[in-house]
Amino acid sequence: MFLELSVVYIFSTRTAQKEEEETELRVPRLFLSQLKASLIGCLALCYGTAHFLHSPAVLCSLDRAPLSACLPTRAGIVWNAAAGSSDNTLVWELHTAQFPVTAEETLAESREGGVAVQATFSHRTAGDVCRHCLCAPARSFEIPGQPVHHGNHCVWKQDRTTGEGSTEEGGSRDEESVLRLQAWLGCLADGHLVGDRDDSNLYISMKLKAAAEIGINANHIRLPETATEDEVLRIIVAVNENPAVHGLIVQLPLDSINTINTEKVTNAVAPEKDVDGLTSINAGKLSRGDLGDCFIPCTPNGCMELISQTGVSVMGKNAVVIGRSKIVGAPMHDLLLWNHATVTTCHSKTLDLAEQVGRADILVVGAGRAEMVKGEWVKEGAVVIDCGINHIPDSSKASGKRVVGDVHYPSAKERAGYITPVPGGVGPMTVAMLMKNTVESAKRFLQTYTPGKWNIDYTKKKPQEPQPCDADISCSCQSKPIGQLAREVGLFSEEVEPYGRSRAKIRLDALKRMEKQPDGKYVVVTGITSTPLGEGKRTTALGLAQALGAHLNINAFACVKEPSPGCCFGARGIAVGGGYSQIIPLEEVSLQSSGQNELISAASKVVMDTIKAHAHYETKLSEKALFDLLVPLKMGQRSFSPAQLKRMKKLGIEKSDPLTCTGTEIRRFVRLDIDPDTATNPGSLENEIMAILSLSSSVEEMQQRLAKIVVATNKSGDAVTTEDLDVSGPLAMLLKDAMKPVLMQTVEGTPVFLHTSPLADIAQGSPSILADKLALKMVGSEGFVVTESGQGADTGLEKFFNIKCRYSDLRPDVVVMVATVRTLKMHGGAPSVQAGLPLPKEYSQENLKQLERGCCHLKRQVENAQAFGLPVIVAVNKFSSDTDAELELVCGQARQAGAFEAVQCTNWSNGGAGALALAEAVQRAAKLPGQFRFLYDTQIPVADKLRTVAQKMYGAKDIELSPKAKEKLALYTKQGFGNLPVCIAKTHLSLSNDPMTKGVPINFMLPIADIKANAGAGFLCCLTEPTNTEMDDPMWPCFHGNNLYSDSK
């Protein structure tokens, strides 16, 4: 598996005058090898020792024999002897169709697909150069793996099938090194363009081609020339955060029509991705001499590479740099200085420029003035690096001008030991250094990157004794900034909407970005039928997620329902876990709404008001007046909305032009004729909207579901939907923000999604599908998502599987069932538990017989969970009053019942450490092959679906439909809702419909008093009581005696 190296180019461009230049390169004999090496270096520095993998044979001669270049053929560069002359000059063609040398050389190639550059190499006498490779024996370049020719006819042979090479004189390449380096190559990259400037397009084209040749996938992102500074910065931030991108370039100038601060934009690039080396941080490190901890600007770095390949030592030499730009002059000075040269920087104010140049052993010129350095200024034998690109008039050229450097080349070449031509010298080395920096960036990234693993900081809290209350624990924990947590789990800034310091809403764009990533393991936590106090199901879910993440170093996410204030103030506690397995900060998650419930209430009010308006105006206005209200005249035309077109189709009217409707068609369209006795109520409507949010996988699906909500029945017995009211679109717009999961964290820093809070009796009672799907993508294939089902396995887990999993297409890997000793004692005959009052003494005394009798209920619930074909792990949530004998008894009974494993958990008092055994058992169980199955087929009659659930989950003998339920069932079957899954609303305090009946009741009849079609949510809600009000005693509130909400906290 190869790492993908990525580089992104961002640049702003403006239209510039197009140029075409026929370029003639004249290279002195002493620099011929340097020119070859500089071109080779473009790929050699990126390939390392691999640059000869595709090298052809080297054949050199002065008698016009074919000459193959020592550049890799992959680069698309081929050298051929083209012509000769009587004045002892060779003319070569350099074809750069795949790897352009400089912008000027390839301007025409960018338009026409290729360029042939005539390169003329002149020499004084044949004896001064190698007759076989045209290198200067005393000053030839030493490139690893490349033989240096000094009169020996050396032919490099290559086996292209094996990639191995050798010479007739012997020698081999380091194939292992080649393969090792290739493992770093593979690629992805992006880039950005504002406008359409030719020179910027050309530079980017060069870089893209160079990247492609060595396996770096480089893209560029185009922005309009109207782009603002904020837009550019936003894109840079997104690229900075993308772990798939390893390099980012801001191509200057930023010539937007809007004012853009170049310095601000340049410094917005993350230093670790600044492969151009232009940020202030990288420049500062270079200035301090931290060369191994920064990226060096590409042009100066390329100049240093050219100097090093001449064989001239920089140490102790006099070096002169002309120019002090941030891109070339200033960093070049620092590089030479930290390589132990004595450096002088000259600029426009330097008075004795010729004298300074004359002392230079190494001269680097980047002043931007055509041929300002004269040949007579240059010290004999000096190394001259010309970084300038200028145009001067030349009537012999088609464009009327030609490209020259900052050095007067014809005169300087007579004195210099080595000199770079313009074009063709520094240009290709700059591109080579860019590629080298990108590879280096990827290497650095790999030092801390483990595929599929988050780089996340956990906080392992040391438990205190005696244990503080939940509020004090929450106040003692400092949650990390939510933006930091989001980055740690792989979210981008643009996908995160902070909602205070400790919460953030996550945009659905994140799920779209990750849609092709594999899902992690899916664990659902349920429980047995509990006491009114609850038995720590959510606390166990959060503790399990903490154990997997903070203690086993596995990507782990918890998904729970968003609490409502009513449950937060109940005797069960804060409803977001407890002890050292809770979501923090407690006051934010428990009491400060995310806005979801308010939006749902507003949406419900819109629907109810629309129903009232229709009922009122249908009796007051004529059909024509109603039609004018529903399809108003705009700019002389009328048009149906998409929802109205669907209503027309539903009525069997195949017309799209309102003006063609007949009077009868208009009457059918405008009059809903709602039966007032069948209209829904606000509470029922809000519950269904919440269920829709929970069961929708996208905004589009949410809108489709909202359109199906049945709000009433008309006088003909047909369903009236929100789409008939033409409000489904406004509802979707109103609820769009409520579709975003809320990101928070546990005490130990484990990420948690809180999203939606559907009721567990008249709805499915579990977190949203969106939260689960997003978390599964984020954790990766080896990670775990721990979600919850409402109530016990008989009710909540059954709805989780038959409703939620049916619509989400998600299949859990493991079921965790939470049980407690005190609950099983209750099912074994102990006195009933009253919420808010002290427990009877029987619950704090060891009673193994009573406990064993109650374990029959545990066995039944394990069988309920196993009915869906998944491994079941029983987590015994330990309380301080539990004895070892009691805990062992429960674990043993669970194993006998067929549980995959049964473990004790102390996550309330010990956090993730207290759920380690559970986490390890979940890991083992998740490796088992899944055989998930639904309890029933939705195509069977509704009565049979109800009977299946009642008998297999509750142990009922049969169901008993009331006359009202039978009437509703017939109506809904007629309306086409007979194939929906069923949601039975009954007490959660017993397997039967009687909350006072404990243990495992049998041979009872399950009454079905009423049925309501939640067509939008996608299920039939079947009530066992005339209303959904449970026959439970009220709970004693939990807020007495604490100061959680004082100003000091």
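**Cysteines and cores**

Author: About 42,900 Å² of the chain is accessible surface, and carbon and sulfur atoms own 52% of that (areas by the Shrake-Rupley method with a 1.4 Å probe, only the protein chains shown counting as cover for residues). This is a predicted model, where local features need pLDDT of at least 70 and side-chain atom pairs pLDDT 80 or more, while totals for chains, interfaces and linings use all residues. Residues are numbered from 1 along each chain as its sequence is written, and side-chain values use heavy atoms, without hydrogens or water.

Reader: What makes Cys661 buried or exposed?

Author: Buried means under 20% relative accessible area, exposed over 50%, partly exposed in between (1.4 Å probe, protein chains only). Cys661 has 13%, so it counts as buried. Cys1021, at 5%, is buried too.

Reader: What makes a set of residues a nonpolar core?

Author: Its members are buried Ala, Val, Leu, Ile, Met, Phe, Trp, Tyr and Cys residues, joined through side-chain atoms within 4.5 Å. The largest one here has 126 residues, and Leu491, Phe753, Phe801 and Leu858 touch the most other members.

Reader: How do you know where this core lies relative to domain 3 and domain 4?

Author: Domain 3 (598-735) and domain 4 (942-1023) both contribute residues, so the core lies between them. Those bounds come from an automatic or database domain assignment.
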